[in-house]
Number of protein chains: 4
Amino acid sequence: MVEEGSHPVAKEDPVVVDDTFCEVFTAYFARVLITAATSRWAMESTLEAKGLGRSATLPPSEAFIEREARTTETPDGRPGWLLQIADRKRNELEYWLVARIRKGVLPFPTTAVFDAFPKENVEYSVKIEDTPIQLFGDGFEEAVEAFGRRVYRIPRMDGFFYVEEKFGIGKGVSGGNFLIMADSQGSALLAGEMALDAIKEIPFVTGRMASSGSKVGGHTYTEAVATTNDVYCPAISDKVKHSEVGRDVNCVYEIIVNGLDLEHVKSAMRVGIEKARCARGVKRITAGNYGGKLGSGRIDLRDLVGKQS
Amino acid sequence: MVEEGSHPVAKEDPVVVDDTFCEVFTAYFARVLITAATSRWAMESTLEAKGLGRSATLPPSEAFIEREARTTETPDGRPGWLLQIADRKRNELEYWLVARIRKGVLPFPTTAVFDAFPKENVEYSVKIEDTPIQLFGDGFEEAVEAFGRRVYRIPRMDGFFYVEEKFGIGKGVSGGNFLIMADSQGSALLAGEMALDAIKEIPFVTGRMASSGSKVGGHTYTEAVATTNDVYCPAISDKVKHSEVGRDVNCVYEIIVNGLDLEHVKSAMRVGIEKARCARGVKRITAGNYGGKLGSGRIDLRDLVGKQS
Amino acid sequence: MVEEGSHPVAKEDPVVVDDTFCEVFTAYFARVLITAATSRWAMESTLEAKGLGRSATLPPSEAFIEREARTTETPDGRPGWLLQIADRKRNELEYWLVARIRKGVLPFPTTAVFDAFPKENVEYSVKIEDTPIQLFGDGFEEAVEAFGRRVYRIPRMDGFFYVEEKFGIGKGVSGGNFLIMADSQGSALLAGEMALDAIKEIPFVTGRMASSGSKVGGHTYTEAVATTNDVYCPAISDKVKHSEVGRDVNCVYEIIVNGLDLEHVKSAMRVGIEKARCARGVKRITAGNYGGKLGSGRIDLRDLVGKQS
Amino acid sequence: MVEEGSHPVAKEDPVVVDDTFCEVFTAYFARVLITAATSRWAMESTLEAKGLGRSATLPPSEAFIEREARTTETPDGRPGWLLQIADRKRNELEYWLVARIRKGVLPFPTTAVFDAFPKENVEYSVKIEDTPIQLFGDGFEEAVEAFGRRVYRIPRMDGFFYVEEKFGIGKGVSGGNFLIMADSQGSALLAGEMALDAIKEIPFVTGRMASSGSKVGGHTYTEAVATTNDVYCPAISDKVKHSEVGRDVNCVYEIIVNGLDLEHVKSAMRVGIEKARCARGVKRITAGNYGGKLGSGRIDLRDLVGKQS
């Protein structure tokens with residue numbers, strides 16, 4: 001007998017996880033650290049900077065909040081938040097890294113922004129020089145050494161805006177995912193939130209929950225980049241050939257994990273699945289894939305959760 | 001004697017407001033209502049959908065949260081939040097309205113999205129047909145009447161995503177602003193938050209606080225679209241000709257107000273200024289303008305706050 | 001066919017509501033308005049002042065947040081939050097009203113506190129004179145007229161603390177409730193949150209969700225004031241005689257509504273039930289009562305939701 | 001030259017800290033860990049359980065949130081929050097520990113509660129047996145071993161409520177404090193928030209900001225337990241003999257630190273003072289004391305911040 005993840009009523013068995021896999025993709029990643037006078041202002045800025053970052057099928061690039069940073073981790077000793085930005089196209093990542101800082105950080109009171117990509121994995125750098133960020137200084141900005149970093153010190157109405165001269169980018173892993181199939185929206189939502197709370201504690205990854213699971217291209221709209229993952233839509237299970245939705249499933253959410261390397265993405269998927277499969281009302285855990293043809297790698301779900309009776 | 005806005009220690013006089021004006025601009029606006037099963041999920045979605053909307057000088061278009069909507073105001077009787085999206089260029093607004101819904105609403109659990117632009121002011125419509133939103137349905141979507149609206153009902157893994165077929169757009173007012181000049185960051189931040197709390201209660205407007213006040217173009221970087229408003233930067237007051245920063249000012253924040261019409265923008269500016277000018281440490285209230293040459297209208301600050309001794 | 005409350009997958013029928021009633025109790029109520037320089041500080045204070053207010057079976061008195069107040073509603077024109085405090089014993093209410101202000105409001109930066117009980121229903125007044133609040137002033141406090149009210153102006157390190165001289169109390173309604181019985185924790189939680197979001201929009205009431213439904217006294221521990229409502233506990237349905245928990249129910253939450261009068265409590269229960277009964281996974285809506293022997297009034301659930309097939 | 005804590009405009013010198021000390025008091029402490037299915041529900045419960053815990057001069061006992069706990073730290077592997085409860089009187093602590101759990105944890109969906117007091121410092125235990133918490137089970141509860149702890153498993157409508165059988169208590173340190181004296185409310189608030197953000201990262205302590213600094217007893221109201229710290233009230237500096245408030249100070253906040261031992265309290269005060277003294281507008285850092293007569297220990301501010309020019 002296993003205690004339910006949310007442990008009130010004991011549940012006899014966690015749900016069996018499908019013998020399947022998800023495909024993951026290599027993408028370019030940046031990791032930036034936004035600091036401010038208080039954690040609250042750093043968070044406000046980070047919320048703005050991660051905006052419009054939820055889907056890889058349309059610009060702007062992906063962007064997700066990783067976690068709060070301790071003041072002892074930040075170059076300027078102030079509270080901060082870590083943001084990951086990702087794109088399969090390097091030039092898109094470079095463009096949106098600059099735009100996210102320009103629109104999401106520069107306007108927010110007391111903020112500064114530093115590179116937080118792990119040094120050992122840096123492959124390229126994005127220079128702030130000649131971007132709208134550096135140009136914002138209109139010649140009053142200075143390239144200086146501060147807080148142990150090479151930064152631009154750009155005058156702003158509340159003082160100086162400090163931004164690192166270069167931001168490292170390197171390869172990371174995008175698109176790790178699993179599907180929570182449940183008997184109700186409530187069951188699926190609670191299972192999803194439990195999974196995300198667990199994922200939050202794995203370093204170097206970000207997790208999110210999506211209702212808009214998609215397939216590549218479209219059957220009817222063949223020109224579309226991505227369309228609804230019809231075989232996992234309970235609302236149309238009677239209209240879809242080969243629907244994957246059984247009669248006991250009324251709601252499906254996808255948990256998606258990005259991260260700087262495969263090992264941490266796998267760890268995050270493991271703790272997420274372990275949580276979700278123990279929530280009452282969850283009927284099945286599976287994953288979306290493209291027959292293994294598209295991804296640059298794959299994660300077998302059963303490798304994560306071990307043998308099951 | 002006037003009680004201080006934050007009223008502990010009585011303050012003899014609120015700060016005198018400069019005899020100046022701000023320029024405002026006509027822009028195209030959309031106003032969308034994002035609903036969800038709970039207010040919390042509607043808010044999460046709205047926070048994502050407003051992302052990267054803080055500056056008019058670089059796409060994506062401007063976007064700001066107006067307020068929470070009562071369930072009695074929403075077509076589907078669920079909790080919701082109102083989002084304003086604005087751009088001086090109509091095609092940019094149309095593009096980003098679609099992108100903001102596609103990336104900020106569709107992926108979020110249980111969400112739906114409706115047009116909330118005042119009917120009497122609609123000049124154009126943005127059709128969802130043939131956009132990545134409608135195409136997401138891959139032929140499984142249906143155009144139906146629901147909740148008293150013409151909507152697409154698009155299958156999604158957690159049920160159906162309802163999105164109105166057309167979103168009204170019309171002209172509104174962008175860029176109303178005033179500057180809070182204070183003796184410290186703390187004084188300026190508190191005054192700014194007090195102003196924004198008051199502005200939140202004026203209908204049809206959105207307010208925000210910015211540290212990155214800018215001027216059009218640049219003196220040194222002449223090709224730049226917008227650069228730091230150097231004359232209001234305390235950190236470089238000794239390097240700037242004609243600095244507007246007196247010795248008693250160490251921090252300046254700009255309060256910016258957008259809205260669907262001039263009257264509400266003016267009301268919002270009035271309540272914001274009344275709050276900010278009573279906060280201790282605020283030394284001066286003024287506004288940025290371009291000599292009246294750029295804007296499509298102007299708001300005189302003294303018209304807002306009445307005669308002053 | 002009815003759209004599900006959270007409306008993704010259409011659901012054929014909302015759950016039938018039991019033909020039963022809840023008992024309600026007359027209690028003494030106070031209603032206080034906590035203001036501050038910003039809405040955030042007013043909320044922080046209100047969160048502290050409402051603490052330990054969740055159960056009527058043990059002091060401190062009940063206390064719940066009603067809603068945010070508009071600055072146009074507050075005497076001092078500042079942001080505020082409304083707090084209801086209730087107790088069946090008048091002297092307990094009087095004691096804890098003072099303690100909640102002393103410990104929940106006085107220590108918080110920039111706060112003030114005013115009476116917000118509807119004048120027409122006031123039966124008694126609680127005087128601040130000679131309480132630890134007035135005495136805090138140590139003779140430096142003054143009874144003055146400010147903001148159109150008779151207040152004490154008490155010096156505090158950040159200025160003055162304004163507190164109304166008298167707070168009205170009168171009779172209100174406590175203990176309106178219904179039970180959400182669902183197939184999973186997730187289903188019950190989502191239904192409960194949907195109900196609470198709807199209840200929040202009814203004026204003069206407060207709602208909360210409880211897992212600790214109780215019965216008066218105890219079977220085994222006969223001296224206990226209140227013990228677990230065993231017939232509604234799914235985890236022990238096989239050990240309880242006359243369990244009300246069917247095989248399809250694994251989780252039950254109670255929605256409890258207090259309010260200043262019966263009409264608003266009924267309105268709140270109606271909108272709450274309408275939301276909860278449409279959430280998938282909810283199997284039954286019922287209410288706890290004591291055979292009509294204890295309460296000073298009763299609310300029939302079917303009067304609220306109308307005729308059902 | 002030192003960068004300002006909120007680092008925009010460089011500030012020449014952090015404020016000199018007074019050559020004084022604060023008195024600290026030995027008090028009994030409990031430390032409880034509240035877990036739930038999600039971090040959000042654990043936090044909601046913890047917010048309720050810490051209510052009315054802001055002042056030591058009136059029951060209920062002191063109570064403050066320490067920090068979020070990682071799921072790897074919690075016995076049941078769920079998200080959680082740590083709460084410290086303190087009282088100089090052991091019987092008061094024991095009473096309110098039970099009441100805080102009964103009213104702040106038991107009613108909240110999916111919660112459980114465990115002892116988190118460091119084992120090596122436990123001096124006494126509070127038993128849950130025969131309290132309203134155990135009695136709530138009405139004989140259906142069981143004393144079992146679960147999650148590696150001896151707990152009561154008490155049936156509740158959403159499953160079982162797990163509560164540890166005994167909670168350790170031991171001696172800790174209460175009342176560490178320093179005063180931030182600033183030119184405006186805004187300056188003092190920002191400095192205080194910066195200090196609290198830094199204090200949050202020191203383990204085993206809790207910090208809060210208070211406007212209601214008090215002295216023991218009263219000059220005019222001699223029977224009062226605690227009255228306003230008149231010598232630090234700017235609003236009455238002209239009425240108070242020996243006022244400590246200079247002409248440049250208009251607002252004072254007290255930062256108060258409790259903790260499980262003196263070393264961590266000192267560390268917390270050090271990082272808090274270092275932040276606050278660098279905020280512009282702060283004019284003086286000092287501390288309240290009673291001439292060293294009342295406390296069981298003292299902390300010299302200059303020991304914390306080192307030599308100053």
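The contact between chains C and D takes 60 residues from chain C and 60 residues from chain D. Two residues are in contact if their C-beta atoms, placed from the backbone, lie within 7 Å. On the side of chain C that touches chain D, helix α2 (residues 90–104) of chain C gives the most, with five residues. That side divides into 31 nonpolar, 17 polar and 12 charged residues. Here Ala, Val, Leu, Ile, Met, Phe, Trp, Tyr, Cys and Pro count as nonpolar, Asp, Glu, Lys and Arg as charged, and the others, Gly among them, as polar.

The model is predicted: local features need pLDDT of at least 70, side-chain atom pairs count only at pLDDT 80 or more, and totals for chains, interfaces and linings use all residues. Residues are numbered from 1 along each chain as its sequence is written, while chains are lettered from A and ligands numbered from 1 in the order in which they are written.

Copies are superposed by least squares on the C-alpha atoms of residues with pLDDT of at least 70 in both. The same surface serves both copies, as 100% of the contact residues of chain C recur in chain D.

Chain C also meets chain A. Here 19 residues of chain C are in contact with 19 residues of chain A. Helix α4 (residues 185–199) of chain C supplies the largest share of the chain C side, seven residues. This side divides into 10 nonpolar, seven polar and two charged residues. Chain C superposes on chain A by a rotation of 180° with 0.0 Å of shift along its axis (RMSD 0.0 Å). The two copies are thus related as by a two-fold rotation axis. The C-alpha of G186(C) is the nearest to this axis in chain C, 2.1 Å from it. Of the interface residues of chain C, 100% are also interface residues in chain A, so the copies meet through the same surface.

The fold was then examined within chain A. Its secondary structure comes to six helices and 15 strands. Helices (H or I, at least four residues) and strands (E, at least two) are DSSP runs, numbered from the N terminus. Buried residues make up 65% of the 309 residues in chain A. A residue is buried if 20 or more other C-beta atoms lie within 10 Å of its own, exposed if 12 or fewer, and partly exposed in between; C-beta atoms are placed from the backbone. Among contacts in chain A between residues at least 6 apart in sequence, 73% join residues at least 24 apart.

In the largest nonpolar core, of 404 residues, I180(A), I180(B), I180(C) and I180(D) touch the most other members. A nonpolar core is a set of buried Ala, Val, Leu, Ile, Met, Phe, Trp, Tyr and Cys residues joined through C-beta atoms within 7 Å. Beyond its neighbours within four places in sequence, I180(C) is in contact with residues including A188(C), V252(C) and I285(C).

Some backbone features stand out. Most residues other than glycine have a negative phi, and most peptide bonds are trans. D138(A) is not a glycine, yet has a positive phi of about 55°. D138(A) is buried, with 23 other C-beta atoms within 10 Å. A cis peptide bond joins P59(B) and P60(B), with omega about -10°.
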